[in-house]
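Biologist: I would like to learn how to read a few features of a model with you, one at a time. Could you give me the general idea where there is one, and then the case at hand?

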Amino acid sequence: MDALAIRADGRFHQAVVDYCETMIEPAPAGWPVRKLLNQLERYYSAYMLIGQYYGWRNHGASVPNLSRLQAIAGQSPRQTASYCLTLQTRKLVYIETLATDRRQKILRPSDSLVSEVGRSCAAFVASYDAIAGSALACPVAQEADVLGEMIYLSAARVRRSGTVIAVFPRVLALSGYDCGYPMLVALILAHYRLRSGKEVFSLTHSALAERFQISESHVGNVLGYMRQVGAFVPARGRDDDIVAEAFVEEFERWCAAEMAHYADLAAKSVAVEAGV
């Protein structure tokens, strides 16, 4: 199914709601790894790191080292090197020596990094399954190598054709803020809950800061941008904002595009890992 067919399906709205519910689930206990991934440039760098590794592992691409990552990561070379060092310190990336050339140092992502970076990707595949009646999500969610291969296929497509998110300007802009995308998802979900008469979690600055483990100033930056672009309409309560319909429509078009994008790649990634 393409994005238009996905949006036209009667199950689409609930699939988006379920995606949002998945994406705002509490972070795992321990060191807050999502802080390293909740801003687009950092996320993109980690995404490309994973894609680079699985391109080498499964498809004979160039050795996945730091210099090659610096060329495609979307950050400056210095920022990329610093970011990789942080990931290495947190045991999210391992530096390994290539057996056939000990001068070469490989950047190998940990399974936990693959799982965190691919969390939204896997959730979109699950949403697609709920609409199409397919069963693509289980191996993607349960096997890091299948998810890693899917990220490689996506990264390769992005480098050829551009990112999916580029044609959704407000979603793109929000993703550039620290924790901008998770907060957007939470606000969209709050909008859905309000419209269906369900209980809504608190949307105060302090509550959102606690939920996403960020400062209230970061919350203010995201909400300030949304007010600036007219993404909110006045609500009954001082702290309750309802997302404007035009912004919800953009988010839903983005979700449909992502569902179509990753569903197409999920089946291919399963086949590669199965050796088909």
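This is a predicted model: local features need pLDDT of at least 70, side-chain atom pairs count only at pLDDT 80 or more; totals for chains, interfaces and linings use all residues.

Biologist: Where does Cys179 lie, and is it buried or exposed?

Modeller: Cys179 is found in the loop between helix H10 (169-175) and H11, and its phi, near 65°, is again a positive value in a residue other than glycine. At 2% relative accessibility, Cys179 counts as buried, whereas Gln213 is partly exposed.

Biologist: What lies over the face of Phe201?

Modeller: That is Arg211, which is placed over the face of the Phe201 ring at 4.5 Å from the ring centre.

Biologist: How should I read a pair of aromatic rings, and how many aromatic pairs does a search of the whole structure find?

Modeller: A pair of aromatic rings is described by two values, the distance of the centres and the angle of the planes. Searching the whole structure gives 8 aromatic pairs. One of them is formed by Tyr19 and Phe124, which are stacked, with 4.0 Å centre to centre and 15° between the planes. Because Tyr19 lies in helix H2 (residues 12-23) and Phe124 in helix H7 (residues 119-132), this pair ties together parts that are 105 residues apart in sequence. Both of these residues, Tyr19 and Phe124, are buried.

Biologist: What kind of pair do Phe124 and Trp254 form?

Modeller: Phe124 and Trp254 form an edge-to-face pair, with 6.1 Å centre to centre and 85° between the planes. Phe124 lies in helix H7 and Trp254 in helix H14, so the pair ties together parts that are 130 residues apart in sequence. Phe124 and Trp254 are both buried, and the two residues belong to one aromatic cluster together with Tyr19, Phe168 and Tyr181.

Biologist: Which residues have the most contacts inside the largest nonpolar core?

Modeller: The largest nonpolar core has 96 residues, and the most contacts inside it are made by Tyr19, Met226, Phe251 and Met259. Helix H14 (residues 245-273) gives the most to this core, contributing 13 residues. For Met259, once its neighbours within four places in sequence are set aside, the residues in contact are Ile6, Phe12, Ala15, Val16, Phe124, Ser127, Tyr128 and Ile131.

Biologist: Let us turn to the strands; how many bridges join E1 to E2, and which way do they run?

Modeller: Strand E1 (residues 93-98) and strand E2 (residues 101-109) run antiparallel and are joined by 6 bridges, with a hairpin of 2 residues between E1 and E2. To follow the pairing, take Val93, whose bridge partner in E2 is Pro109, and then Thr97, whose partner in E2 is Lys105.

Biologist: Which residues does Val63 touch, and where is its place?

Modeller: Val63 sits in the loop between helix H3 (40-59) and helix H4 (66-72), and a relative accessible area of 14% makes Val63 buried. Not counting residues up to four places away in sequence, Val63 touches Trp56, Arg68, Leu98, Gln104 and Ile106. As for Glu41, which is 22 residues from Val63 along the chain, the C-alpha atoms of the two residues are separated by 22 Å.

How values were computed: Residues are numbered from 1 along each chain as its sequence is written. Side-chain values use heavy atoms; hydrogens and water are left out. Two strands pair if DSSP finds at least two bridges between them. Helices (H or I, at least four residues) and strands (E, at least two) are DSSP runs, numbered from the N terminus. A nonpolar core is a set of buried Ala, Val, Leu, Ile, Met, Phe, Trp, Tyr and Cys residues joined through side-chain atoms within 4.5 Å. Buried means under 20% relative accessible area, exposed over 50%, partly exposed in between (1.4 Å probe, protein chains only). Contact means heavy atoms within 4.5 Å. Rings of Phe, Tyr and Trp (its six-membered ring) pair if their centres lie within 6.5 Å; planes under 30 degrees apart count as stacked, over 60 as edge-to-face and the rest as tilted. A charge sits over a ring if NZ of Lys or CZ of Arg is within 6 Å of the ring centre and within 35 degrees of the ring normal.
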